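This briefing looks at a few residues, taking for each its place in the fold, its accessibility and its surroundings.

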Amino acid sequence: MGLPFSSAYRHGFARVAACTIPVAVADPATNAATVLETAEACDADAVAVAVFPELCLTGYAIDDLVMQDAVLDAVVTAIEGLVAASAELFPLLVVGAPLRHRNRLYNCAVVIHRGELLGVAPKSYLPTYREFYERRWYAPGDDQAGEDIRVGSLEAPFGPDLLFEALDVPGLVVHAEVCEDVWVPIPPSSSAALAGATVLLNLSGSPITIARADDRKDLCQSQSLRCLAAYAYAAAGMGESTNDVSWDGQTLVYEGGMLLAETERFPDGPRRSVADVDLDRLRQDRIRQGTFDDNRRTHAPAMRTVHFELDPPAEDVGLRRALDRFPFVPDDPGRLAQDCYEAFNIQVSGLVQRMTAIGGPKPVIGLSGGLDSTHALLVVARAMDRMERPRSDILTFTMPGFATSEHTKANAHALARAVGATMEEIDIRPAATEMLERIGHPFADGEPVHDITFENVQAGLRTDYLFRLANQHGGMVIGTSDLSELALGWATYGVGDHMSHYAVNAGVPKTLIQHVIRWVISHRGDEGAAALSDDARDVLQAVLDTEISPELVPAGQDGRMQSTEDRIGPYALHDFALFHVLRYGMRPSKIAFLAEHAWCDPDAGAWPPGFPDEDRYGYDLAAVAKWLQVFLQRYFAFAQFKRSAIPNGPKVSAAGSLSPRGDWRAPSDGNARAWIAELHAALPELVEE
């Protein structure tokens with residue numbers, strides 16, 4: 001589209017506003033002026049689509065006044081004025097109004113853009129129960145498909161079968177329904193979504209009663225989730241007649257079941273919920289969820305499409321949506337606690353089922369004192385508790401090599417002791433030295449050569465020992481490698497940490513594991529957590545405070561131990577990329593755009609609960625691009641042969657797993673050229689071809 005990298009509209013977003021305004025009863029001229037004021041504010045805010053409440057040009061609660069020609073004539077004049085005034089405005093405006101058509105009145109959504117009346121969608125379902133009496137005045141519009149309407153000097157398509165598609169913002173297809181339409185079992189927006197609508201709008205009157213606001217949210221959330229769409233809802237508020245009811249002006253924007261924006265209720269003055277809807281995400285969801293389009297085959301909705309051009313601004317308009325630094329880790333404390341509970345117990349229940357099915361072997365686990373093996377031990381401990389087996393049946397082994405630190409070794413011993421597992425230490429250096437000698441490696445002759453062979457001799461021996469120990473003790477080897485390591489191929493293939501009898505961590509990303517451990521620490525054995533002593537919690541905290549390292553290469557002259565993140569990049573950025581590649585298939589340039597917004601300012605936005613203040617860091621676009629290129633190369637061009645041969649382990653995250661039997665199937669002899677080329681085209685100064 002020729003838009004700069006910094007523009008959200010370049011990256012598949014469209015800004016949507018759900019607006020509520022003060023209305024003047026039966027005064028279309030005043031109401032049109034108020035609509036125009038908000039429309040101009042939306043234009044200044046780079047809003048692509050703005051929806052207003054039901055019948056906002058007259059007010060919803062005007063009863064028989066709606067049948068007065070003076071009011072209806074004023075509505076036509078108001079619409080003509082709004083159409084003319086919209087010529088210089090960016091947003092597609094969707095406004096509520098009563099309109100005459102043939103022999104009846106219709107409660108309508110009037111769609112206006114750039115000086116044109118694009119179409120009019122009548123309300124299909126009219127409530128005539130409890131406080132509602134709409135059929136006294138209006139005709140249902142569900143039988144008006146394929147019609148046209150005249151509004152003063154203007155003519156436009158008329159019917160509930162209208163889609164409005166932007167030609168220059170790919171994926172922006174708008175449909176409007178009115179209030180009660182979303183309360184019926186099969187809303188018009190369902191057919192519209194099956195026909196391709198991605199942004200569903202609801203112009204609502206909806207007087208407020210106790211708990212009705214929650215019902216609206218449930219409906220909007222459900223419809224956005226079921227239709228794999230955005231759903232923007234705007235309810236009537238200030239100024240409506242309160243003869244017998246009251247109004248709260250609720251506005252909401254949902255996307256695929258996720259609340260993006262809402263305003264306070266009972267506002268004093270105009271309010272709007274504004275959010276950038278991710279059209280790419282919706283398109284990807286529909287492609288992946290094939291049953292969505294299968295449903296179209298059954299219902300085969302017939303819709304008409306009206307095209308328009310938005311001409312989005314060629315500038316940085318910001319990004320108006322909450323964006324998680326850690327997409328696998330919710331910022332909301334309650335949601336994070338729930339995720340940790342579910343992640344931990346998914347792992348535990350998977351392990352219990354596997355051990356029960358094969359006769360109750362003793363779990364065998366290599367304990368390094370690092371995050372992954374620590375977390376795996378907690379899962380095993382809880383599984384043993386659930387099976388009413390003694391934790392002493394857990395056989396843990398720490399196997400120091402040439403670079404093992406006293407700190408991590410002490411953590412391993414202390415943790416096994418605190419959990420109640422049986423611990424044994426096996427020094428692998430003699431066996432590793434013999435192997436290095438037999439293959440003629442220079443390290444055996446005293447040369448400081450710490451290459452991949454040197455590392456993998458140690459990693460392979462550790463796993464070899466574990467399998468033979470499992471044979472000896474009637475055990476099963478518990479894998480510790482996590483989802484992030486599988487994404488990067490950061491494991492020693494075959495007889496190495498790549499292999500086990502059951503891989504409990506295979507579905508959990510590195511950035512979530514530390515939070516699950518914190519959750520276990522804080523829950524003291526209740527709510528499905530492993531019961532732990534105070535000593536065990538202290539050891540777990542020490543593990544959390546330790547830098548991630550494979551400890552296969554001795555410390556350098558500066559005394560620094562080998563750091564995983566120094567070598568392959570920060571797991572925070574890799575998990576960010578993994579989530580958006582695995583869950584949404586995003587193009588790399590969009591991932592870079594989102595990562596820059598999420599990570600550029602450490603002081604902006606929310607951090608997950610419990611994240612230490614001193615560890616709150618940031619990354620600029622150059623760092624994002626550098627490590628994203630590393631991720632793409634490893635993920636698409638290198639690591640698949642390891643993923644194609646991984647052992648069983650439970651899927652944990654809704655974002656997906658990397659099992660070839662589950663969420664991810666890919667050729668082991670693939671390449672990353674298309675992804676690197678796309679990123680280079682967007683950021684040629686930062687990315688090598």
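Helices are DSSP runs of H or I with at least four residues, strands are runs of E with at least two, and both are numbered from the N terminus. The model discussed here is predicted. With that convention, Gln284 belongs to helix α5, which covers residues 279–288, whereas Val49 belongs to strand β2, which covers residues 49–51.

- Gln284 counts as buried, because its relative accessibility is 13% and the cut-off for buried is under 20%.
- When neighbours within four places in sequence are left aside, Gln284 is in contact with Tyr584 and Gly585.

- Apart from neighbours within four places in sequence, the residues in contact with Val49 are Arg15, Val16, Ala17, Leu92, Leu172, Val174 and Leu201.
- For one of these contacts, Arg15, the separation from Val49 is 34 residues in sequence, while the C-alpha to C-alpha distance is 6.7 Å.

- Tyr493 is located in the loop that runs between α12 (483–488) and β20 (502–503).
- Tyr493 counts as partly exposed because its relative accessibility is 42%, a value to be read against limits of 20% for buried and 50% for exposed.
- Together with Phe638 and Phe641, Tyr493 forms a nonpolar patch on the surface, and the accessible area of these residues together is about 270 Å².

How values were computed. Residues numbered from 1 in each chain as written. Predicted model: local features only at pLDDT ≥ 70, side-chain atom pairs only at ≥ 80, totals over all residues. Heavy atoms only, no water. Buried < 20%, exposed > 50% of the residue type's maximum accessible area, 1.4 Å probe, protein only. Contact = heavy atoms within 4.5 Å. Patch = residues over 30% accessible without salt bridge, like charges linked within 9 Å, V, L, I, M, F, W, Y side chains within 5 Å. Areas by Shrake-Rupley, 256 points an atom, 1.4 Å probe, with all protein chains shown as cover. Salt bridge = Lys/Arg side-chain N within 4 Å of Asp/Glu carboxyl O.
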